[in-house]
Amino acid sequence: MILRLKISATWRRRIVIGALVFAVALLALRLWPHPPLSSFAPSSTAVLAADNSLLRLTLAQDEQYRLWTPLEKISPRLVDAVLLQEDQWFYWHPGVNLPSLLRGAWETYAGGNRQGGSTLTMQLARLMYGLNTRTPLGKLRQIAYALWLEARYSKHDILEAYLNLAPYGGNIQGVGASSLIYFGKTPDRLTLPEALTLAVLPQRPNHTDPKPARDRLFARWQEHHAVTQSEQRLITLPLPMRGIAQLPFAAPHFAERVLADADVSQRTLHTTLQPRLQSLLERQIQQYIVQNRPRGIKNAVAMLVDTRDQSVVALVGSADYHNEAIAGQVNGTLAKRSPGSTLKPFIYALAFDQGVIHPQSILKDAPTAFGPFQPENFDGRFVGPISAHDALIRSRNIPAVYVASKLRNPNLYAFLKTAGISRLQSEQHYGLALVLGGGEVTMEELATLYTMLANQGTLRPLHTLTDAPPGDSMQMLSPEASFMALNILRDNPRPDGVTMARGSRWDVAWKTGTSWGFRDAWTAGVVGPYALVVWVGNFDGSSNPAFVGIETAAPLFFRIADALPITLPQERQPLRLPPRSLKKVAVCAASGDLPNAWCPQTVETWFIPGKSPIRVSTLHRPVIVDNRTGRAACPPYDPATTHTEIAEFWPSDMMRLFREAGMPRRAPPTASCPGAGIPDTDADVPHITSPLLSVAYTLRLSRPQETLALQATAGADAKSLYWFADKNYLGNVPSTGGGLPWRPETAGWHSLTVVDDKGRSATRDVRVEMVP
């Protein structure tokens with residue numbers, strides 16, 4: 001008896017030690033580093049719209065539709081339904097349910113009625129390792145692999161893996177892909193009938209009608225779960241199921257852009273695209289192309305950005321993705337194109353910030369040479385004096401180039417480089433031609449700039465994913481300059497002349513652009529809370545006289561702009577108030593300067609204190625006129641024989657412009673003696689306009705006919721201008737005439753002086769280089 005007790009104690013110790021060893025081995029297996037189950041099969045990538053609707057589902061590398069979905073993002077109803085259907089004892093067995101396995105074997109081999117007894121873990125082993133479980137040996141291998149999986153992975157991981165690898169018909173695997181393909185929704189949004197349907201499909205993946213099996217599962221479901229009346233009604237209704245043939249292929253250019261930029265580890269991409277707005281852009285473009293095809297218009301691109309968070313909410317990369325004739329698969333929003341005049345608002349905004357002009361500053365729209373660059377206006381005409389406000393709205397080229405030539409730190413080139421405009425060549429390559437579209441931008445870059453303008457000059461990168469980290473912000477323009485530029489663009493009249501009721505539209509601030517040779521027609525702007533850019537043209541760069549921004553792109557732009565508030569009736573446009581530091585002041589309408597006592601008409605303009613140019617107008621001045629001669633009277637003045645008139649003292653170049661435009665201005669009375677009754681001001685001193693400051697000029701020795709044009713403006717009372725180079729007399733020209741050609745004999749620095757016939761002068765140093 002004593003011996004038997006000793007043996008029993010020994011065995012008990014052995015059993016305890018064995019159990020401890022087994023537990024330690026299991027713990028070691030569990031803790032030993034091992035790859036996640038998701039790494040055993042490649043995954044598809046799902047691109048979802050902002051409302052979680054499917055835009056694109058890609059094939060995995062093994063040509064399967066398989067979208068690995070974490071267990072936490074799968075509907076608990078679906079999880080419970082799968083466990084009820086496949087393995088009720090999943091959480092209680094070690095990977096093998098022996099009673100169920102024996103019952104299945106008996107039914108299969110003794111009863112002749114094939115019945116499975118595999119647990120969910122055993123099914124996962126078969127799927128992962130490609131086992132043939134129809135033979136006893138295959139079944140034993142399946143059991144071994146199931147025990148191996150249970151030893152190494154948690155129940156959570158095994159259940160997640162099964163739900164992602166289970167067959168759902170054809171080349172569809174897992175609940176993530178099947179939910180999107182069959183029901184068009186992610187697995188966390190399934191209804192009870194949809195969840196029950198997916199639960200029964202793995203047992204009959206190619207069965208045409210899962211309803212009988214689903215109804216049987218629903219009967220069992222009711223034994224374990226409470227069912228609402230609405231769910232009872234839903235289960236009786238037909239359940240439409242789509243197939244792979246109906247798999248969405250929406251917003252193709254947008255989806256491809258998102259996929260190209262995405263991290264390869266991202267399986268589900270939640271994008272910012274708004275399906276309603278995407279449909280709006282696609283519909284408007286399709287209708288526009290159909291209506292304008294007789295004009296040779298075949299292609300158009302559009303992009304819509306929410307300025308409140310810089311999200312891309314709609315993008316159409318071509319008029320027809322599937323049309324090879326227009327290279328429809330090309331994403332036009334990423335193509336580099338000449339922007340035409342769409343960059344002009346940023347030139348004026350920079351000038352507002354640098355104190356070069358304010359909106360009512362008077363600019364000269366006249367033939368002007370900026371060194372070797374002699375720009376022309378689109379219509380080939382010149383309008384003379386024009387306010388900066390009107391010059392921007394009417395897209396006059398000469399004033400824009402003049403304003404750009406005055407920009408410093410930054411100039412337009414540096415501004416664009418800082419804003420992230422890619423693949424720009426050197427600044428010398430463009431010169432001032434950059435103002436008129438000499439460089440190239442993408443639609444995305446242009447949309448970023450206009451979004452910046454709507455955000456008070458703060459530049460932030462656009463994004464297409466809802467979980468994208470906020471990019472770095474950069475203050476490119478002051479809030480004041482941004483507001484002033486946007487305010488001018490809001491005054492731009494619609495091309496169709498339609499005046500819509502205030503409540504039925506959003507404010508639209510817009511600008512057109514046309515590239516050289518009629519290759520690109522643009523319209524870009526801010527519509528309520530959105531930035532909208534539209535392009536019309538051909539991807540191959542072929543020209544068409546119809547490709548004019550105001551005539552071709554603007555009508556499409558306004559079709560979309562007018563439809564936006566109708567499509568989004570609940571949205572309200574943001575209230576864009578002027579910055580508190582921005583002031584309104586009265587200026588003389590004719591000169592754009594602060595009115596003096598004799599200015600007959602004033603207008604209001606926005607003014608940035610401490611920045612905007614401020615000087616008193618000298619355009620209108622009193623002149624004491626001799627009643628008998630009509631000329632300026634000589635002192636002493638006799639009140640009985642003289643009277644005072646208010647005359648306009650325009651510079652000589654402006655007087656010439658008025659005359660050429662058929663609107664001659666009355667010249668101020670001439671003086672008949674020194675000290676006549678004409679007040680003199682600094683504005684009457686000649687001003688050299690060519691050559692330019694800080695510009696080195698190059699002349700070729702092989703072309704002796706090359707010259708530099710000497711040009712200057714003079715006071716209204718001056719008649720002639722006399723030019724000197726290094727104190728040597730060159731010649732004279734009328735003050736309202738053209739320039740004087742000059743070619744120096746030697747290279748280097750030269751001092752140029754111009755003197756008017758009143759003795760007033762101006763001097764400028766210029767550097768000239770001579771090359772072969």
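Predicted model: local features only at pLDDT ≥ 70, side-chain atom pairs only at ≥ 80, totals over all residues.
**A walk through the buried parts of the model**

Let's start with helix α7, where G174, V175, G176, A177, S178, S179, L180, I181, Y182 and F183 are buried; here buried means under 20% relative accessible area, with over 50% called exposed and anything in between partly exposed (1.4 Å probe, protein chains only). Helices are DSSP runs (H or I, at least four residues), numbered from the N terminus. Since 10 of the 10 residues of α7 (residues 174-183) are buried, this helix is largely enclosed by the rest of the structure.

Residues are numbered from 1 along each chain as its sequence is written, and side-chain values use heavy atoms, leaving out hydrogens and water.

Next stop, F254, which sits in helix α11 (residues 252-261). How buried is F254? Its relative accessible area is 1%. Setting aside neighbours within four places in sequence, F254 is in contact (heavy atoms within 4.5 Å) with L55, T271, T272, L273, V312, L315 and T464.

Now for a pair of helices. α13 (residues 344-353) and α15 (residues 397-405) pack at about 45 degrees, their axes 9 Å apart. Those axes are lines fitted to C-alpha atoms over the stretch in contact, and angles run from 0 to 180 degrees between N-to-C directions. The two helices are therefore oblique to each other: under 35 degrees would be roughly parallel, over 145 roughly antiparallel and 65 to 115 roughly perpendicular, with the rest oblique. On the α13 side, K344, I347, Y348 and A351 make the contact, and on the α15 side it's N397, P399, A400, V403 and A404.

Y348 turns up again in the largest nonpolar core, which has 78 residues; Y348, F415, L416 and L449 have the most contacts inside it. Such a core is a set of buried Ala, Val, Leu, Ile, Met, Phe, Trp, Tyr and Cys residues joined through side-chain atoms within 4.5 Å. Helix α18 (residues 443-454) gives this core its largest share, eight residues. As for L416, leaving out residues up to four places away in sequence, it touches L343, I421, L424, L434 and L449. Apart from this core lies another, of 53 residues, including V79, L84, Y162 and A195.
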